[in-house]
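Subject: Structure handover

Hi,

Here is the structure for you to look at. My notes on what was found follow below it.

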Amino acid sequence: MQCFTFYFTVLNLAKSCASLRDAAFASHDLAKVVFPSSPPVYCTVIPKTTADKRSFGAITRIVSIVANREDLLKLAAAGPLAGFSIGLVLLLLGFLLPPSDGIGIVVDPAVFHESLLAGGIAKLLLGDALKEGSPLSLNPLVLWAWTGLLINAINSIPAGELDGGRIAFALWGRKASARWTAISLALLGISSLFNDVAFYWVVLIFILQRGPIAPLSEEITEPENKHLALGVAVLVLGLLICVPYPFPFTTEELSF
């Protein structure tokens, strides 16, 4: 089963790395296999792809009994941490490197209001060049990396059998994770009234990944503090990426 899992994960990685923009997706999936762990084994069940066949990550299942909450936490956090790390590096490179063709992609700075993390980094690195209503030319790597970060952040939502749901289970136990799932689905349901992406994830979670998480060999003992910190870090990073940036950027009228 380990070979079966590794084969499909590497296959997904090969398809993903056909384009640099999917590096964060691929690193997320591969980390679940190469990250040191005990009995749990992940198996790629349904690859998620866009209309042009690019990888959108994969739905994974635990196909063996997990020993305890600490093991579950380490495995669940491995994918998001790898994806966030690669995505942040690529995002920073995108802001720092000029477009290879001298033009890049032209975006409205308003898009950076969609993410507190992306907006904050953009404001820090671009400074006064980031102005409301003034189109900005950027390296395409910025949007590619941002997309990878966003998908990793959505996978970190504490709901069902998403990585975030497994992390919530490992941190606070089965009953608390069920409450987090209900709250997350309710919030996503409200968001889906205004956002097609939210609707897609509500359907995906409800049909394929709503849980419940399979019983562990032992569910009472809490993870060590250092592992608790990793789990909380994943949830916080996901929140920072999904929460809007509320502060205005420099406007043309205020520039002298």
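Helices here are DSSP runs of H or I with at least four residues, numbered from the N terminus. By that numbering, Val-89 is found in helix α3. Please keep in mind that the model is predicted.

**Surface patch**

Start with the outside. Val-89, Leu-92, Leu-93, Leu-96, Leu-97, Leu-124 and Leu-125 make up a nonpolar patch on the surface. Together they have about 640 Å² of accessible area. Which helices supply at least two residues each? They are α3 (69-96) and α4 (116-126). The largest share, four residues, comes from α3.

Val-89 is a member of this patch. Its relative accessibility is 47%. Partly exposed covers the range between buried, under 20%, and exposed, over 50%. Val-89 therefore counts as partly exposed.

**Aromatic pairs**

Next, the rings. A pair of aromatic rings is described by the distance of the centres and the angle of the planes. Ring centres must lie within 6.5 Å to pair. By this rule there are five aromatic pairs.

One of them is Phe-95 with Phe-112. The ring centres are 5.8 Å apart and the planes stand at 45°, so this pair is tilted. It links distant parts of the chain. Phe-95 sits in helix α3, while Phe-112 sits in the loop between β3 (105-107) and α4. The two are 17 residues apart. Are these residues buried or exposed? Both Phe-95 and Phe-112 are buried.

Tyr-245 and Phe-247 also pair. Here the centres are 5.5 Å apart and the planes are at 80°, so the pair is edge-to-face. Tyr-245 has a relative accessible area of 11%, so Tyr-245 is buried.

Phe-95, Phe-112 and Trp-146 form one aromatic cluster.

**Helix α7**

Last, α7. This helix covers residues 174-191, 18 residues in total. From first C-alpha to last, α7 reaches 26 Å. That is close to the 26 Å expected at 1.5 Å a residue.

Which residues of α7 are buried? They are Ala-176, Ser-177, Thr-181, Ser-184, Leu-185 and Leu-188. Seen down the axis of α7, these fall within an arc of 165°, so they line one face of the helix. On the other side of α7, Lys-175, Arg-179 and Leu-187 are exposed.

Best wishes

Conventions
Residues are numbered from 1 along each chain as its sequence is written. This is a predicted model: local features need pLDDT of at least 70, side-chain atom pairs count only at pLDDT 80 or more; totals for chains, interfaces and linings use all residues. Side-chain values use heavy atoms; hydrogens and water are left out. Patches are made of residues with over 30% relative accessible area and no salt bridge: like charges are joined within 9 Å, nonpolar side chains (Val, Leu, Ile, Met, Phe, Trp, Tyr) within 5 Å. Accessible areas come from the Shrake-Rupley method with a 1.4 Å probe; for residues, only the protein chains shown count as cover. A salt bridge is a side-chain nitrogen of Lys or Arg within 4 Å of a carboxyl oxygen of Asp or Glu. Buried means under 20% relative accessible area, exposed over 50%, partly exposed in between (1.4 Å probe, protein chains only). Rings of Phe, Tyr and Trp (its six-membered ring) pair if their centres lie within 6.5 Å; planes under 30 degrees apart count as stacked, over 60 as edge-to-face and the rest as tilted. The expected span of a helix is 1.5 Å times one less than its number of residues. The arc is that of the directions from the helix axis to the C-beta atoms.
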